[in-house]
Each structure stands twice: as structure tokens, then as C-alpha cells.
Amino acid sequence: MLTETTAAPAPASAPDTATRRRRSHRAAGGVVTVLVPAHNESAGITETLHSLNNQTHRPDRVIVVADNCTDDTEELALAQGAEVIRTVGNKDKKAGALNFALSQLLPDADPEDLVLVQDADSQLALDFIENATKNLLADELLGAVGGVFSGGPGGGFVGHLQRNEYARYARDVKRLHGKCLVVTGTAALFRVKTLRDVVAARLKGTLPPGNGKGGVYDTSVLTEDNELSFALLTLGYRIASPSNCTLVTEVMPTWRELWSQRLRWKRGAVENCVQYGWTKVTRPYWGRQFLSMIGVVVTLAYFGSILFALISGMGLNLQPFWITVTGIFILERIVTVRFRGWRYMLLAATMYETVIDIFLQAVHAKAYLDAAFNRKKVW
């Protein structure tokens, strides 16, 4: 719980807020404020803020919410001209930090003002805010506009696999004309009045109560962005990730960190479904969970049968049906990674990515078991 906050003063060399507001290019819908929750993000905060400062449609305010930082994140943010709000004693991670910042921002904002929430380890394309604003203002029922992300450099082989994975995600979103299941926390643009609707619905009981104090983000869940997407859809809004709203986000550098990240994502998604129950909004999400569970069972059966055949001495027999199925699967691997170029398409034909497919199936199985047995949640 947040017990105290402080706002760090801007240094003499940084332009004051009023000056920056006058110089900025106002969005047609009102003031654009960016919130960047940051916990020890000194490695990437400068690059993140640099991408904001160079937007074709500059934000009016950039606020870094320094959450329990022990490094020089605050100093680096101030050097880039950002405002800084410092949290003290926040135990609710990113969601708690954002709730606190929004509790200060929303009461005085115009309903038509816009709020962009973005991760501190993600860099927006320079026309992101311009495109996201146009998309949001073009549709009154659009509750949030998210980004289509690609993977940043590094991470060796596991980083390479994630970049392929993100390229496939971008292809899917483009094919669906921006339709998405979740507006991810990497970057999302909202109207102030939409966020106020969420707050009111939580206090009224129309939506899950979250922190019980009218916080926009639900601090009781592992995936606050997934839950907020459910909340918006439940209130009758639409969500979208247009293909012209792009950004680069960091990849997990090790298998261990990727395991932790995906376990949190998957378990959070499962528990969000349980939280909202079986509704018109959640049916497609339940369907995806069901298909994922089928995938886990099929994977276990497939490799189990191969292992049994080898151990029992029965040997492996090639069947036309399964050869055809395998061929279709290989074709899917090739086509879906075309955003990365022909070299990656050729490489995908070797099926070397099977390793991450099996890895993710294991994550899914662990997430379902953890949720079923209500094991302790770990961020």
C-alpha cells in the first residue's frame, strides 16, 4: 500500500512544465499525458524517454512513476525533462504505482484528455502517439488503443525465438485489422472519461473492485492489463492494436526469466477468466484457454507415443496422414514469420522453434496446475 509520495523537483537545466506544455503539439482530444511506471529502469529509461521527446505528436506531460527505485532512474528521468512522482511503500507493483499516479491525475483532467500508459523498457515508434490518437478519436466506443510490439536486441537464442514470436503476433494483428484480445501494458492510450468509467464501475460493483478504493488497475491480479481489457469490454467499449502503432520492447534474456514472465502471463489470463466468469465478453478467452489445454494434452501424447515406441522396440512408422499434418505445420511456421524476411522463413522450415513450442506448453501446464491448486502467486 502506498503510504507516502514525493514529487522530485526538476533541475534548473530542465525546461519547466508550463514551458514544455506551451511548446507541445496538443492532441485534438485534449492534453496528452504519458505515465511511465518504472522500477530500477536505469538501463533503458533514457532511451524510452528519448522516444517520447521525439514523437511527431509530442505529449504535453511525461510523468515517470518511480516505484521503489534504488538506482538512478529518477535522476535520468529528470535529465530528460520528465516529471517524476516517487512512491514509498508501494507493495502492489506496477498496478499500485499507476493507481496512485492516476488518482492524482484524473480528478483535475478534462474528460477528453488522453492518458498514455507505457512500460519503461519499451520505445515507441516516433509516430505512435500521432497514430494512436487518430485511431482513438475516430471511434467514440474505442476504449483503448494499444501497441503492436517487436522484440528488442539481445538475449541470444532465447531472444531470437521471442523476436520470431512477436513477429507472428504482429502479423496476426495486421490480418485482423487491429482487432486484439488484450491491450497490453507495453503501451496503451485511453481517454480520461473512459478511465473514470472504470473507476465508477469498480466502486459501484459492476466490475471487480480491484484495490477496493476505486483504482483503475486491479492490484489483486497478476496481469493488470488483461484485467483492464476485460473491464473495458464489459463496459461496452472496444479495444484495438492498430498496425500503425508500433513499439519495441525488451526480450527476456534467459530461459529462467522467460519462464517466470510467461507463467505470470498465463496464470494471470486464466485467473482473469475465472474472475469474470462465463460471459459474452469472456467466452472467446475461455475458448483460447480450452484450446491451450488441448494443445498441452496433444503435445504430451505426441512425444509420449514417440518415447514409448522407441523404448518398447516398436520403432517409428511414417504414416501419410501425419506426414501431411507435419507439412502443414511447417508451412505455417514459414509463412507466419515472413515479417522478418526470407532468411528467417528458410530457417523456420527446419522446425528448430519446436523447442520454444514445447517450453510454452510446459509453462501452460504449470500455470493451469498453479491456478487449480491456488498456489502462491509470484510476480
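These legends accompany close-up views of a predicted model. Residues are numbered from 1 along each chain as its sequence is written, and side-chain values use heavy atoms, with hydrogens and water left out. Because the model is predicted, local features need pLDDT of at least 70 and side-chain atom pairs count only at pLDDT 80 or more, while totals for chains, interfaces and linings use all residues.

**View A. Burial of strand 2 (residues 32-38).** Seven of the seven residues of strand 2 are buried, that is, under 20% relative accessible area with a 1.4 Å probe and protein chains only; strands are DSSP runs of E of at least two residues, and helices are runs of H or I of at least four, each numbered from the N terminus. Val32, Val34, Val36 and Ala38 point one way from the strand, and Thr33, Leu35 and Pro37 point the other way.

**View B. Neighbours of strand 2 in parallel pairing.** Strand 2 is joined to strand 3 (residues 61-67) by six bridges and to strand 5 (residues 114-118) by four, where pairing requires at least two DSSP bridges. Valine 34 has valine 62 as its bridge partner in strand 3 and leucine 116 in strand 5.

**View C. Packing of helix 8 (residues 224-234) and helix 9 (residues 255-276).** The helices pack at an angle of about 35 degrees with their axes 9 Å apart, the axes being lines fitted to C-alpha atoms over the stretch in contact and the angles running from 0 to 180 degrees between N-to-C directions. The contact (heavy atoms within 4.5 Å) is made by residues including Phe230 and Ala231 of helix 8 and Cys273 and Tyr276 of helix 9.

How values were computed. Buried < 20%, exposed > 50% of the residue type's maximum accessible area, 1.4 Å probe, protein only.
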